[in-house]
There are 2 protein chains.
Amino acid sequence: MKLAAPTLAASTNEDRNLALSLIAETLQKHSAKIFEANAQDIAFAKEQGIAPAVLKRLKFNEDKLNDVINGLKQLQTLPDPLQKLSLSRELDKDLTLYRVSCPIGVIGVIFEARPDALVQISSLCIKSGNCAILKGGKETARTNKVLFELIHQSVIDAGLPTDCLFQAEQHNEIDELLACHENVDLLIPRGSNTFVQYIMNNTKIPVMGHADGICHIYADEDFDEMKAIPIIVDAKTQYTAACNAVETLLVHRSVAKDFLPKLADALTANGVKIRGTKEVAAAISCEIIADDDFQNEYLDLVLAVKLVDTVDEAIAHINKYGSHHTDCILTDNDTTAARFMQRVDSAGVYQNCSTRFADGFRYGFGAEVGISTGKIHARGPVGLEGLVTYKYKLFGKGQIVGDYASGKSEFHFRDL
Amino acid sequence: MKLAAPTLAASTNEDRNLALSLIAETLQKHSAKIFEANAQDIAFAKEQGIAPAVLKRLKFNEDKLNDVINGLKQLQTLPDPLQKLSLSRELDKDLTLYRVSCPIGVIGVIFEARPDALVQISSLCIKSGNCAILKGGKETARTNKVLFELIHQSVIDAGLPTDCLFQAEQHNEIDELLACHENVDLLIPRGSNTFVQYIMNNTKIPVMGHADGICHIYADEDFDEMKAIPIIVDAKTQYTAACNAVETLLVHRSVAKDFLPKLADALTANGVKIRGTKEVAAAISCEIIADDDFQNEYLDLVLAVKLVDTVDEAIAHINKYGSHHTDCILTDNDTTAARFMQRVDSAGVYQNCSTRFADGFRYGFGAEVGISTGKIHARGPVGLEGLVTYKYKLFGKGQIVGDYASGKSEFHFRDL
């Protein structure tokens with residue numbers, strides 16, 4: 001696979017788009033075969049008594065097929081992420097430096113049991129010229145196998161190297177993958193906090209992604225109550241199990257007394273249970289929690305609530321208890337918003353909208369391989385741009401450093 | 001320090017430039033004190049019988065002071081690396097996404113005994129709005145202490161947070177630093193291969209830098225012999241102990257017989273010892289090495305030499321034995337050069353010039369904190385741009401995701 005990487009890196013955007021187009025075609029053509037494998041996965045999952053919410057994610061039907069085919073088409077229209085110049089500089093006469101985007105190399109992606117994720121991830125890797133090792137959730141093993149074989153054949157048919165895609169099917173292959181630090185350049189694990197932590201703690205390979213998603217909303221004193229309630233309800237309930245769902249609400253003390261009862265009504269009507277500090281419990285009926293009980297990613301219809309005196313107290317709370325994912329301020333005061341957005345140390349900082357917008361599709365990236373809370377390399381939703389790095393190309397005509405050290409030659413640094 | 005980071009991140013370019021200007025001023029003003037401390041370090045090092053080559057790096061004299069002051073001045077003229085927009089996109093009416101550069105946060109730099117490095121590293125961190133923990137080599141402890149105190153006071157005088165710079169003085173503090181993964185965002189170790197490997201293997205903090213510097217030059221069949229010899233001699237001898245010095249020369253078999261004797265003369269005249277495969281030894285007098293003995297970073301006047309049949313064989317050798325640092329092709333055939341430069345998986349790929357050009361100053365970055373062979377985040381010489389990350393700022397007017405999921409609202413994605 002390491003050997004296929006330079007060849008794939010040298011492929012043209014046309015080659016890679018051809019692969020994407022052949023994938024779309026073959027998935028359509030062989031849909032019956034995919035649906036049949038998926039029916040077997042679903043039947044087996046039901047036998048195992050899997051939760052209905054999870055079952056829904058396993059399903060790969062006509063709708064999901066259309067979604068991934070549309071995704072493949074959109075990806076073809078996006079510009080080539082490779083060969084992009086981010087620096088062109090003449091260091092001296094006939095000595096020219098370029099910084100050019102190139103693929104990262106070999107990427108290992110370990111993802112949850114969602115067949116559409118397999119298509120999305122492999123197509124993002126292909127478009128960005130990266131070799132990929134894919135390991136999906138075991139609950140969709142049959143569907144994944146069929147999808148992978150169709151995708152792999154299309155890639156070969158498009159003339160890309162045979163070894164540029166590899167599917168790991170056994171769970172124990174994850175540990176093998178973690179040990180491959182000489183051959184794998186980046187790991188992207190998706191899944192539970194515990195799982196991602198396990199990956200991060202057991203490999204020397206750089207890991208991109210996130211373990212926790214502890215997102216906050218801070219309702220400032222200058223907020224608009226009418227906007228606030230729908231945003232908080234959406235951020236908590238629109239997809240409770242998502243990493244960008246809100247877990248903690250901070251409310252400015254001056255507005256709490258009036259706002260909390262209205263909010264509590266709206267949340268209760270949507271099935272949300274409130275856990276608040278003593279002070280919150282004095283204003284509305286809720287479970288009482290300790291003043292430092294704010295490290296929880298509930299992923300459930302539960303919201304922690306606390307009062308603060310200032311935007312700075314909110315910022316300090318978020319930087320201490322948050323997971324640097326996505327945090328929002330509700331305020332009509334743009335100066336306060338600017339302070340919050342500059343000082344909260346998170347991949348996404350929002351004013352007056354739901355934290356649920358943190359998503360590659362909603363940012364217009366076409367798709368995402370995951371969301372990163374790391375600060376090194378890609379941050380936030382990771383699309384094509386997060387899957388490339390760069391190299392420096394220097395073109396000379398025989399220059400040596402000795403001449404510059406002795407003063408015989410001198411750099412003139414002129415950006416082209 | 002984690003608490004100082006948001007304040008420093010929110011500082012203006014003027015504040016940060018003021019700090020740099022005060023540092024330059026105070027270093028000049030207190031030069032006698034610095035030189036005195038340095039004289040003590042040098043005297044102690046001599047007592048310890050330190051090697052003359054190392055001794056030279058410890059020295060901080062009028063020349064070095066002028067160099068760092070010039071560096072500080074140049075850094076002030078560089079544009080603010082923060083608050084730079086790399087994406088501005090209207091997702092929908094009144095829902096606008098920006099991607100804005102911001103500091104990484106808290107950076108730990110562990111560097112060799114070179115007082116000028118302390119000034120360079122701390123000033124790059126200040127200019128890029130990063131808090132820094134600095135640990136320099138013990139041989140210059142006295143000089144470092146004086147320099148750090150002067151720098152720290154200037155930073156405070158410029159109104160930046162007191163806790164934005166910290167100096168670790170004891171060796172055992174390195175292990176404490178490695179354990180700080182909750183408070184330190186990035187480590188940049190500089191030093192020996194063994195030392196950097198130790199850092200990489202003993203921390204959960206992302207590490208930027210390089211352990212090995214195994215750089216190659218490939219002399220292609222279409223090369224210009226007259227350019228080749230000075231380039232090879234420069235790359236090997238101009239600063240032998242540097243990470244960007246060449247360690248292995250690959251020569252196209254068709255030109256070897258004619259070229260090797262001339263090269264051997266030039267290398268021998270410069271004190272370079274050649275280690276070659278049997279085949280090389282048949283053409284010139286040299287020590288014979290095994291066909292797979294190419295993992296060595298000699299950091300000495302020693303060059304390994306091997307013959308290859310094609311540019312692809314050279315590429316494969318470099319991707320297998322190299323350290324992804326800097327590799328050069330000598331050829332007048334631009335097609336061959338393009339193939340080499342696209343497929344060699346290194347931070348720097350050169351045509352017809354010395355590998356010794358791989359350096360932040362020579363790339364026109366003003367200075368560097370180090371050279372990265374990693375592919376995640378900064379690659380190659382790391383200046384200001386490598387010390388920043390970005391965050392997404394999303395400005396809304398009450399938008400919720402539920403409306404987009406239900407079809408009530410629709411994204412229109414328009415880049416601004």
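Biologist: Which residue is the bridge partner of B:Ser88 in strand 2 of chain B?

Modeller: This is a predicted model, in which local features need pLDDT of at least 70, side-chain atom pairs count only at pLDDT 80 or more, and totals for chains, interfaces and linings use all residues. Residues are numbered from 1 along each chain as its sequence is written, while chains are lettered from A and ligands numbered from 1 in the order in which they are written. Strand 1 (residues 85–92) and strand 2 (residues 95–103) of chain B run antiparallel and are joined by six bridges; strands (E, at least two residues) and helices (H or I, at least four) are DSSP runs numbered from the N terminus, and two strands pair if DSSP finds at least two bridges between them. Within strand 2 of chain B, the partner of B:Ser88 is B:Tyr98.

Biologist: Which residue takes a positive phi in the hairpin of strand 1 and strand 2 of chain B?

Modeller: This hairpin has two residues between the strands. The residue with a positive phi, near 60°, is B:Asp94.

Biologist: Which residue in strand 16 of chain B does B:Ser101 stand opposite?

Modeller: Strand 2 of chain B also pairs with strand 16 (residues 388–399) of chain B, in the antiparallel sense over eight bridges. In strand 16 of chain B, the residue opposite B:Ser101 is B:Tyr390.

Biologist: Which strands of chain A stand at the edges of the open sheet, each with a single partner strand?

Modeller: The open sheet in chain A has four strands in the order 5-4-3-6, with parallel pairing. One side of each edge strand is left without a neighbour in the sheet, because each has a single partner: these are strand 5 (165–167) and strand 6 (186–189) of chain A.

Biologist: Which residue is the bridge partner of A:Ile110 in strand 4 of chain A?

Modeller: Strand 3 (residues 106–110) and strand 4 (residues 131–135) of chain A pair in the parallel sense over five bridges. In strand 4 of chain A, A:Ile110 has as its partner A:Lys135.

Biologist: Are helix 2 and helix 6 of chain A roughly parallel or roughly antiparallel to each other?

Modeller: Helix 2 (residues 13–29) and helix 6 (residues 115–127) of chain A pack at about 160°, with axes 9 Å apart. Axes are lines fitted to C-alpha atoms, for helices over the stretch in contact, and angles run from 0 to 180 degrees between N-to-C directions. Angles under 35 degrees count as roughly parallel, over 145 as roughly antiparallel, 65 to 115 as roughly perpendicular and the rest as oblique. Helix 2 and helix 6 of chain A are therefore roughly antiparallel.
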